[in-house]
Amino acid sequence: MEYRIDKKSGNKLSALGLGCMRFPRDRAEIERIVLAAIDGGINYFDTAYMYLGSEVALGRVLAKHNKRKNVYIATKLPLSMCKRSTDFDKYFDEQLCRLQTDYIDYYFMHNITSFAQWEAMYALGIEDWIAAKKSTGQIHQIGFSYHGNYDDFLKVIDSYPWEFCMIQYNYYDQNYQAGAQGLAAAHNKGMTVMIMEPLLGGKLATGLPKQAMQLFSEVNPDLSPADWALWWLWNQSEITTVLSGMSNERIVQTNLRSLDNFRFLTDTELAVYDDVIDVFRQSYKINCTSCNYCLPCPKGINIPACLSAYNTSYAQGYIAGITLYLTSTAVITKNPLSPHLCNQCGKCEKLCPQHIPISASLKKVSRRFEPQPLRAILALARKLIH
(Lines give C-alpha, C1' and ligand atoms only; values in the text may rest on other atoms or scores of the structure.)
Protein backbone atom coordinates (compact mmCIF):
# COMPACT_ATOMS: atom_id res chain seq x y z
CA MET A 1 0.00 0.00 0.00
CA GLU A 2 1.21 3.46 -0.90
CA TYR A 3 0.59 6.14 1.70
CA ARG A 4 0.70 9.87 1.15
CA ILE A 5 1.18 12.50 3.83
CA ASP A 6 -1.54 14.91 4.87
CA LYS A 7 0.80 17.83 5.51
CA LYS A 8 -1.64 19.65 7.79
CA SER A 9 -1.89 16.80 10.30
CA GLY A 10 1.01 14.53 9.42
CA ASN A 11 -1.39 11.62 8.92
CA LYS A 12 -0.33 8.93 6.46
CA LEU A 13 -3.37 8.33 4.26
CA SER A 14 -3.74 5.40 1.89
CA ALA A 15 -3.57 6.54 -1.73
CA LEU A 16 -6.70 4.45 -2.29
CA GLY A 17 -9.67 5.29 -0.09
CA LEU A 18 -12.93 3.41 0.33
CA GLY A 19 -15.94 5.44 -0.76
CA CYS A 20 -18.94 4.11 1.14
CA MET A 21 -21.75 5.72 -0.87
CA ARG A 22 -22.28 2.63 -3.00
CA PHE A 23 -22.37 0.03 -0.24
CA PRO A 24 -24.60 -2.92 -1.15
CA ARG A 25 -27.62 -3.82 0.97
CA ASP A 26 -26.17 -7.13 2.11
CA ARG A 27 -24.67 -6.65 5.59
CA ALA A 28 -22.34 -9.60 5.20
CA GLU A 29 -20.97 -8.22 1.95
CA ILE A 30 -20.43 -4.79 3.53
CA GLU A 31 -18.46 -6.47 6.31
CA ARG A 32 -16.33 -8.32 3.76
CA ILE A 33 -15.69 -5.08 1.85
CA VAL A 34 -14.61 -3.12 4.92
CA LEU A 35 -12.41 -5.87 6.35
CA ALA A 36 -10.79 -6.62 2.98
CA ALA A 37 -10.01 -2.93 2.60
CA ILE A 38 -8.44 -2.71 6.06
CA ASP A 39 -6.49 -5.94 5.55
CA GLY A 40 -5.21 -4.52 2.24
CA GLY A 41 -3.91 -1.38 3.95
CA ILE A 42 -6.71 1.09 3.18
CA ASN A 43 -7.11 3.42 6.14
CA TYR A 44 -9.32 6.20 4.76
CA PHE A 45 -13.10 5.56 4.75
CA ASP A 46 -15.46 8.16 3.31
CA THR A 47 -19.17 8.29 4.10
CA ALA A 48 -21.85 10.96 4.62
CA TYR A 49 -25.07 11.66 6.48
CA MET A 50 -26.97 11.57 3.18
CA TYR A 51 -25.60 8.19 2.06
CA LEU A 52 -28.57 6.09 3.10
CA GLY A 53 -27.49 3.50 5.68
CA SER A 54 -23.78 4.02 5.00
CA GLU A 55 -22.70 5.57 8.31
CA VAL A 56 -24.57 2.96 10.32
CA ALA A 57 -23.10 0.12 8.28
CA LEU A 58 -19.54 1.39 8.57
CA GLY A 59 -19.87 2.07 12.29
CA ARG A 60 -21.29 -1.39 12.91
CA VAL A 61 -18.40 -3.20 11.21
CA LEU A 62 -15.68 -1.08 12.83
CA ALA A 63 -17.20 -1.55 16.30
CA LYS A 64 -17.78 -5.29 15.85
CA HIS A 65 -14.15 -5.90 14.90
CA ASN A 66 -12.63 -3.19 17.10
CA LYS A 67 -11.11 -1.41 14.08
CA ARG A 68 -12.03 2.21 14.81
CA LYS A 69 -8.47 3.20 15.70
CA ASN A 70 -7.10 1.50 12.57
CA VAL A 71 -8.83 3.92 10.21
CA TYR A 72 -9.55 7.55 9.50
CA ILE A 73 -13.27 8.22 9.19
CA ALA A 74 -14.42 10.96 6.86
CA THR A 75 -18.06 12.01 6.89
CA LYS A 76 -20.04 15.08 5.93
CA LEU A 77 -22.42 17.65 7.36
CA PRO A 78 -25.53 17.87 5.11
CA LEU A 79 -25.43 21.61 4.43
CA SER A 80 -28.58 21.51 2.31
CA MET A 81 -30.50 20.32 5.38
CA CYS A 82 -29.11 22.95 7.75
CA LYS A 83 -31.59 25.81 8.08
CA ARG A 84 -30.64 27.06 11.54
CA SER A 85 -27.55 26.91 13.75
CA THR A 86 -29.01 24.19 16.00
CA ASP A 87 -29.05 21.84 13.00
CA PHE A 88 -25.25 21.59 13.10
CA ASP A 89 -25.30 19.73 16.43
CA LYS A 90 -28.44 17.83 15.50
CA TYR A 91 -26.85 16.12 12.53
CA PHE A 92 -23.33 15.85 13.95
CA ASP A 93 -24.52 14.13 17.15
CA GLU A 94 -26.57 11.70 15.09
CA GLN A 95 -23.52 10.92 12.98
CA LEU A 96 -21.41 10.13 16.03
CA CYS A 97 -24.14 7.75 17.15
CA ARG A 98 -24.42 6.11 13.74
CA LEU A 99 -20.66 5.65 13.45
CA GLN A 100 -20.29 4.51 17.09
CA THR A 101 -17.45 6.94 17.69
CA ASP A 102 -16.80 10.11 19.69
CA TYR A 103 -14.75 11.93 17.07
CA ILE A 104 -14.48 12.38 13.31
CA ASP A 105 -11.05 12.47 11.68
CA TYR A 106 -12.02 14.33 8.49
CA TYR A 107 -15.26 16.31 8.59
CA PHE A 108 -16.61 17.77 5.37
CA MET A 109 -19.01 20.55 4.63
CA HIS A 110 -20.97 18.45 2.14
CA ASN A 111 -21.57 19.41 -1.47
CA ILE A 112 -20.72 23.10 -1.61
CA THR A 113 -21.95 24.27 -4.99
CA SER A 114 -21.38 28.03 -4.72
CA PHE A 115 -19.68 30.64 -2.59
CA ALA A 116 -23.11 32.00 -1.65
CA GLN A 117 -24.00 28.65 -0.11
CA TRP A 118 -20.91 28.77 2.10
CA GLU A 119 -21.67 32.40 3.04
CA ALA A 120 -25.13 31.32 4.19
CA MET A 121 -23.58 28.74 6.54
CA TYR A 122 -21.10 31.36 7.71
CA ALA A 123 -24.02 33.64 8.61
CA LEU A 124 -25.51 30.83 10.72
CA GLY A 125 -22.31 30.67 12.79
CA ILE A 126 -20.62 27.65 11.27
CA GLU A 127 -17.14 29.06 11.93
CA ASP A 128 -17.69 29.27 15.69
CA TRP A 129 -19.31 25.83 15.67
CA ILE A 130 -16.31 24.28 13.90
CA ALA A 131 -13.92 25.98 16.33
CA ALA A 132 -15.83 24.57 19.30
CA LYS A 133 -15.84 21.04 17.91
CA LYS A 134 -12.15 21.18 17.12
CA SER A 135 -11.34 22.47 20.59
CA THR A 136 -13.06 19.46 22.18
CA GLY A 137 -11.39 17.04 19.77
CA GLN A 138 -14.67 15.89 18.26
CA ILE A 139 -13.48 17.09 14.86
CA HIS A 140 -9.81 16.63 13.98
CA GLN A 141 -9.63 18.06 10.44
CA ILE A 142 -12.10 20.28 8.60
CA GLY A 143 -12.73 20.56 4.87
CA PHE A 144 -15.39 20.53 2.19
CA SER A 145 -16.56 18.61 -0.87
CA TYR A 146 -17.24 20.68 -3.96
CA HIS A 147 -19.54 20.62 -6.98
CA GLY A 148 -19.50 24.20 -8.25
CA ASN A 149 -17.55 26.24 -10.76
CA TYR A 150 -13.87 27.10 -10.64
CA ASP A 151 -14.28 30.79 -9.77
CA ASP A 152 -16.42 30.04 -6.72
CA PHE A 153 -14.01 27.28 -5.71
CA LEU A 154 -11.24 29.88 -5.42
CA LYS A 155 -13.48 32.08 -3.29
CA VAL A 156 -14.32 29.19 -0.98
CA ILE A 157 -10.72 28.08 -0.41
CA ASP A 158 -9.69 31.70 0.28
CA SER A 159 -12.53 32.34 2.74
CA TYR A 160 -11.52 29.95 5.53
CA PRO A 161 -8.41 28.10 6.78
CA TRP A 162 -9.45 24.75 5.33
CA GLU A 163 -7.26 21.72 5.87
CA PHE A 164 -8.53 19.60 2.97
CA CYS A 165 -11.07 19.43 0.19
CA MET A 166 -12.56 16.86 -2.17
CA ILE A 167 -13.21 17.51 -5.85
CA GLN A 168 -14.60 15.53 -8.76
CA TYR A 169 -11.65 14.84 -11.02
CA ASN A 170 -10.64 12.22 -13.58
CA TYR A 171 -8.94 12.21 -16.96
CA TYR A 172 -12.23 13.00 -18.69
CA ASP A 173 -13.26 15.76 -16.22
CA GLN A 174 -9.98 17.66 -16.19
CA ASN A 175 -11.68 21.01 -16.74
CA TYR A 176 -15.00 20.28 -15.06
CA GLN A 177 -16.07 22.08 -11.86
CA ALA A 178 -12.88 22.86 -9.88
CA GLY A 179 -10.83 20.80 -12.33
CA ALA A 180 -7.07 20.71 -12.74
CA GLN A 181 -6.77 24.42 -11.94
CA GLY A 182 -8.66 23.93 -8.70
CA LEU A 183 -6.46 21.00 -7.76
CA ALA A 184 -3.37 23.15 -8.27
CA ALA A 185 -4.84 26.07 -6.32
CA ALA A 186 -5.77 23.91 -3.32
CA HIS A 187 -2.38 22.19 -3.36
CA ASN A 188 -0.60 25.56 -3.46
CA LYS A 189 -2.49 26.57 -0.32
CA GLY A 190 -1.15 23.46 1.41
CA MET A 191 -4.51 21.67 1.43
CA THR A 192 -4.82 17.91 1.25
CA VAL A 193 -6.90 16.97 -1.80
CA MET A 194 -9.15 13.92 -2.02
CA ILE A 195 -10.63 12.82 -5.35
CA MET A 196 -14.17 11.59 -5.95
CA GLU A 197 -15.59 10.03 -9.13
CA PRO A 198 -12.20 8.79 -10.37
CA LEU A 199 -14.01 6.35 -12.68
CA LEU A 200 -16.89 8.69 -13.57
CA GLY A 201 -19.47 6.48 -11.92
CA GLY A 202 -17.78 3.35 -13.34
CA LYS A 203 -17.92 4.51 -16.96
CA LEU A 204 -14.13 4.77 -17.22
CA ALA A 205 -13.81 1.20 -15.96
CA THR A 206 -16.62 -0.79 -17.54
CA GLY A 207 -18.26 1.59 -19.99
CA LEU A 208 -15.49 2.67 -22.32
CA PRO A 209 -16.30 2.57 -26.04
CA LYS A 210 -14.52 -0.24 -27.86
CA GLN A 211 -12.42 2.22 -29.84
CA ALA A 212 -11.16 3.83 -26.63
CA MET A 213 -10.25 0.45 -25.16
CA GLN A 214 -8.36 -0.38 -28.33
CA LEU A 215 -6.35 2.85 -28.08
CA PHE A 216 -5.30 2.01 -24.54
CA SER A 217 -4.51 -1.59 -25.43
CA GLU A 218 -2.23 -0.58 -28.30
CA VAL A 219 -0.07 1.43 -25.89
CA ASN A 220 -0.09 -1.01 -22.96
CA PRO A 221 -2.25 -4.15 -23.13
CA ASP A 222 -1.44 -5.10 -19.54
CA LEU A 223 -3.46 -2.25 -18.02
CA SER A 224 -7.22 -2.46 -17.57
CA PRO A 225 -9.45 0.59 -18.20
CA ALA A 226 -9.71 1.04 -14.41
CA ASP A 227 -5.90 0.96 -14.13
CA TRP A 228 -5.62 3.69 -16.75
CA ALA A 229 -8.09 5.87 -14.83
CA LEU A 230 -6.61 5.30 -11.37
CA TRP A 231 -2.98 5.51 -12.46
CA TRP A 232 -3.63 8.86 -14.19
CA LEU A 233 -4.66 10.23 -10.80
CA TRP A 234 -1.95 8.56 -8.72
CA ASN A 235 0.54 9.93 -11.22
CA GLN A 236 -0.16 13.41 -9.78
CA SER A 237 1.62 14.19 -6.52
CA GLU A 238 -0.89 16.94 -5.68
CA ILE A 239 -3.47 14.22 -4.99
CA THR A 240 -3.42 12.52 -1.60
CA THR A 241 -6.27 9.99 -1.71
CA VAL A 242 -8.39 8.66 -4.56
CA LEU A 243 -11.81 7.41 -3.46
CA SER A 244 -13.36 4.40 -5.10
CA GLY A 245 -16.93 3.33 -4.39
CA MET A 246 -16.22 -0.38 -4.08
CA SER A 247 -19.49 -2.28 -3.95
CA ASN A 248 -18.11 -5.80 -3.47
CA GLU A 249 -14.98 -7.54 -2.19
CA ARG A 250 -13.82 -8.42 -5.71
CA ILE A 251 -13.58 -4.73 -6.65
CA VAL A 252 -11.63 -4.05 -3.45
CA GLN A 253 -9.06 -6.69 -4.37
CA THR A 254 -8.89 -5.48 -7.98
CA ASN A 255 -8.23 -1.88 -6.95
CA LEU A 256 -5.67 -2.95 -4.34
CA ARG A 257 -3.78 -4.85 -7.04
CA SER A 258 -3.91 -1.78 -9.25
CA LEU A 259 -2.25 0.31 -6.56
CA ASP A 260 0.27 -2.43 -5.74
CA ASN A 261 1.32 -2.46 -9.41
CA PHE A 262 1.28 1.32 -9.83
CA ARG A 263 4.26 3.09 -11.36
CA PHE A 264 4.52 6.54 -12.86
CA LEU A 265 3.27 6.75 -16.44
CA THR A 266 5.57 7.16 -19.41
CA ASP A 267 5.26 10.05 -21.87
CA THR A 268 3.83 7.67 -24.47
CA GLU A 269 1.21 6.44 -22.04
CA LEU A 270 0.25 9.97 -21.01
CA ALA A 271 -0.15 11.00 -24.64
CA VAL A 272 -2.87 8.43 -25.38
CA TYR A 273 -5.38 9.98 -22.97
CA ASP A 274 -6.20 12.85 -25.34
CA ASP A 275 -7.24 10.41 -28.06
CA VAL A 276 -9.32 8.37 -25.62
CA ILE A 277 -11.06 11.51 -24.38
CA ASP A 278 -12.01 12.45 -27.94
CA VAL A 279 -13.63 9.05 -28.47
CA PHE A 280 -15.35 9.13 -25.09
CA ARG A 281 -16.74 12.62 -25.66
CA GLN A 282 -18.34 11.52 -28.92
CA SER A 283 -19.99 8.50 -27.30
CA TYR A 284 -21.28 9.85 -23.98
CA LYS A 285 -23.97 12.47 -24.31
CA ILE A 286 -25.03 13.12 -20.68
CA ASN A 287 -22.48 13.64 -17.92
CA CYS A 288 -24.25 11.56 -15.25
CA THR A 289 -22.10 9.74 -12.66
CA SER A 290 -24.97 7.72 -11.13
CA CYS A 291 -24.45 9.29 -7.71
CA ASN A 292 -28.22 8.94 -7.07
CA TYR A 293 -28.52 12.35 -5.40
CA CYS A 294 -31.51 13.00 -7.70
CA LEU A 295 -33.50 10.15 -6.16
CA PRO A 296 -36.16 9.39 -5.16
CA CYS A 297 -38.11 10.81 -8.08
CA PRO A 298 -41.71 11.69 -7.12
CA LYS A 299 -42.83 9.73 -10.19
CA GLY A 300 -40.62 6.74 -9.38
CA ILE A 301 -38.38 7.17 -12.43
CA ASN A 302 -34.93 5.62 -12.05
CA ILE A 303 -33.19 8.70 -13.41
CA PRO A 304 -29.55 7.48 -13.27
CA ALA A 305 -30.44 4.18 -14.95
CA CYS A 306 -32.32 5.97 -17.74
CA LEU A 307 -29.42 8.32 -18.41
CA SER A 308 -26.94 5.43 -18.24
CA ALA A 309 -28.95 3.47 -20.80
CA TYR A 310 -28.99 6.49 -23.09
CA ASN A 311 -25.20 6.85 -22.88
CA THR A 312 -24.67 3.13 -23.28
CA SER A 313 -26.70 3.11 -26.49
CA TYR A 314 -24.15 5.45 -28.07
CA ALA A 315 -20.99 4.03 -26.47
CA GLN A 316 -21.70 0.32 -26.80
CA GLY A 317 -24.53 0.10 -29.30
CA TYR A 318 -28.30 0.53 -29.36
CA ILE A 319 -29.06 -3.08 -28.37
CA ALA A 320 -26.94 -2.80 -25.21
CA GLY A 321 -28.59 0.51 -24.37
CA ILE A 322 -32.19 -0.53 -24.85
CA THR A 323 -31.58 -3.77 -22.94
CA LEU A 324 -30.46 -1.72 -19.95
CA TYR A 325 -33.38 0.64 -20.49
CA LEU A 326 -36.01 -2.10 -20.53
CA THR A 327 -34.74 -3.67 -17.33
CA SER A 328 -34.41 -0.39 -15.43
CA THR A 329 -37.78 1.11 -16.38
CA ALA A 330 -39.98 -1.99 -16.30
CA VAL A 331 -41.79 -0.70 -19.38
CA ILE A 332 -43.49 -4.03 -20.11
CA THR A 333 -44.85 -4.44 -16.58
CA LYS A 334 -48.22 -3.32 -15.26
CA ASN A 335 -46.76 -0.20 -13.67
CA PRO A 336 -44.00 1.08 -15.97
CA LEU A 337 -41.70 3.86 -14.79
CA SER A 338 -40.87 5.43 -18.12
CA PRO A 339 -39.11 8.80 -18.36
CA HIS A 340 -42.05 10.27 -20.28
CA LEU A 341 -43.86 10.30 -16.90
CA CYS A 342 -41.63 13.19 -15.82
CA ASN A 343 -43.74 16.24 -14.93
CA GLN A 344 -40.74 18.59 -14.82
CA CYS A 345 -41.15 19.37 -11.12
CA GLY A 346 -37.44 20.25 -10.97
CA LYS A 347 -36.75 18.51 -7.64
CA CYS A 348 -34.02 16.33 -9.14
CA GLU A 349 -32.27 19.23 -10.86
CA LYS A 350 -31.92 21.12 -7.58
CA LEU A 351 -30.11 18.12 -6.10
CA CYS A 352 -27.90 17.15 -9.04
CA PRO A 353 -24.21 17.97 -8.32
CA GLN A 354 -23.46 17.75 -12.05
CA HIS A 355 -26.10 20.43 -12.83
CA ILE A 356 -27.62 18.22 -15.53
CA PRO A 357 -30.85 19.51 -17.11
CA ILE A 358 -32.56 16.28 -16.11
CA SER A 359 -36.07 17.00 -17.37
CA ALA A 360 -34.80 17.82 -20.86
CA SER A 361 -32.45 14.82 -20.75
CA LEU A 362 -35.30 12.46 -19.87
CA LYS A 363 -37.17 13.70 -22.93
CA LYS A 364 -34.16 12.71 -25.04
CA VAL A 365 -34.12 9.28 -23.41
CA SER A 366 -37.82 8.82 -24.06
CA ARG A 367 -37.51 9.84 -27.71
CA ARG A 368 -34.61 7.44 -28.25
CA PHE A 369 -36.11 4.39 -26.57
CA GLU A 370 -39.85 4.99 -26.68
CA PRO A 371 -40.80 6.88 -29.82
CA GLN A 372 -44.56 7.21 -30.16
CA PRO A 373 -45.08 4.11 -32.38
CA LEU A 374 -43.05 1.91 -30.02
CA ARG A 375 -44.89 3.33 -26.99
CA ALA A 376 -48.17 2.10 -28.49
CA ILE A 377 -46.68 -1.35 -29.06
CA LEU A 378 -45.42 -1.51 -25.49
CA ALA A 379 -48.83 -0.50 -24.17
CA LEU A 380 -50.41 -3.33 -26.17
CA ALA A 381 -47.78 -5.78 -24.89
CA ARG A 382 -48.60 -4.82 -21.30
CA LYS A 383 -52.30 -5.50 -21.89
CA LEU A 384 -51.58 -8.92 -23.37
CA ILE A 385 -49.22 -9.87 -20.54
CA HIS A 386 -51.36 -8.61 -17.71
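In the predicted model, Phe164, Met166 and Gln168 point one way from strand E8 while Cys165 and Ile167 point the other way, and all are buried, where buried means under 20% relative accessible area, exposed over 50% and partly exposed in between (1.4 Å probe, protein chains only). Because 5 of the 5 residues of E8 are buried, this strand is largely enclosed by the rest of the structure. Helices (H or I, at least four residues) and strands (E, at least two) are DSSP runs, numbered from the N terminus, and residues are numbered from 1 along each chain as its sequence is written. As this is a predicted model, local features need pLDDT of at least 70 and side-chain atom pairs count only at pLDDT 80 or more, whereas totals for chains, interfaces and linings use all residues; side-chain values use heavy atoms, with hydrogens and water left out.

On one side, E8 pairs with E7 in the parallel sense over 4 bridges, two strands being paired if DSSP finds at least two bridges between them. Within this pairing, Met166 of E8 is the bridge partner of Ser145. The chain passes from E7 through helix H6 to E8 in a right-handed β-α-β crossover, a term that applies if, with the strands pointing away from the viewer, the path from the first strand over the helix to the second runs clockwise. E8 is also joined by 5 bridges to strand E9 (residues 192-196), which runs parallel to it, and here Gln168 stands opposite Met196. A right-handed β-α-β unit is likewise made by E8, helix H7 (residues 179-188) and E9.

These pairings belong to a barrel, which 8 strands close in the order E3-E4-E5-E6-E7-E8-E9-E10 with parallel pairing. The twist from one strand to the next averages 30 degrees, as given by axes that are lines fitted to C-alpha atoms, for helices over the stretch in contact, with angles running from 0 to 180 degrees between N-to-C directions.

The structure holds 31 aromatic pairs, counted where the rings of Phe, Tyr and Trp (its six-membered ring) have centres within 6.5 Å, with planes under 30 degrees apart taken as stacked, over 60 as edge-to-face and the rest as tilted. The ring centres of Phe92 and Trp129 are 5.5 Å apart and their planes stand at 85 degrees, so this pair is edge-to-face. Because Phe92 lies in helix H3 (residues 86-99) and Trp129 in helix H5 (residues 126-136), the pair ties together parts that are 37 residues apart in sequence; both residues are buried. For Trp118 and Trp162, by contrast, the centres are 4.8 Å apart and the planes at 55 degrees, so the pair is tilted. Trp118 lies in helix H4 (residues 115-123) and Trp162 in the loop between helix H6 (150-158) and strand E8 (164-168), so parts that are 44 residues apart in sequence are tied together.

Overall, the protein chain has 17 helices and 10 strands, and buried residues make up 54% of its 386 residues.
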